[in-house]
Amino acid sequence: MEANSIQEVMDFAVKSFQPEKAAGIDAVIQFNISGEQGGDYFVTIRDKQLNMEPGVATKPRLTLGANAQDIVNMFNGRMNPMQAYMQGKVQVRGDMGLAMRLANIFKPPSR
């Protein structure tokens, strides 16, 4: 699957959530997306359920920031997420352990 917009990436994230891998996570994660198609979203993961909403959370455990096009590029495999982080294209504030665990609770897109 190839995404062309941030909305497609967000929709895929909701559909690819693997509840069994989210056992024990009770967190609010804020996404601050800049650029064209940007916006603020927050995800609540609790009781092996995921809920995504537009807006700003009051006390997120983790905040991730990036440009919308960079997120689409990472999703499509055109940009390595770790390299993007090291280059400052992805900003992470808060619980780094949770940030590392996020990659494992979603099924990867089929290419």
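My entries below go from the sheet to the helices and then to a pair of rings.

**Ground rules.** I am working with a predicted model, where local features need pLDDT of at least 70, side-chain atom pairs count only at pLDDT 80 or more, and totals for chains, interfaces and linings use all residues. Residues are numbered from 1 along each chain as its sequence is written, and side-chain values use heavy atoms, leaving out hydrogens and water.

**The sheet.** I took helices (H or I, at least four residues) and strands (E, at least two) as DSSP runs, numbered from the N terminus. Strands pair if DSSP finds at least two bridges between them. I found an open sheet of five strands in the order β3-β2-β1-β4-β5, with mixed pairing. β3 (49-54) and β5 (90-94) each have a single partner strand, so one side of each has no neighbour in the sheet.

I then looked up β1 (residues 27-34) and β2 (residues 39-46), which pair in the antiparallel sense over seven bridges. The bridge partner of I33 is G39, in β2.

**The rings.** Ring centres of Phe, Tyr and Trp (its six-membered ring) must lie within 6.5 Å to pair; planes under 30 degrees apart are stacked, over 60 edge-to-face, and the rest tilted. I counted two aromatic pairs. The ring centres of F12 and F75 are 5.2 Å apart with planes at 70°, so this pair is edge-to-face. F12 belongs to helix α1 and F75 to helix α2, so the pair ties together parts 63 residues apart in sequence. Both F12 and F75 are buried (under 20% relative accessible area, with a 1.4 Å probe and protein chains only; exposed is over 50%, partly exposed in between).
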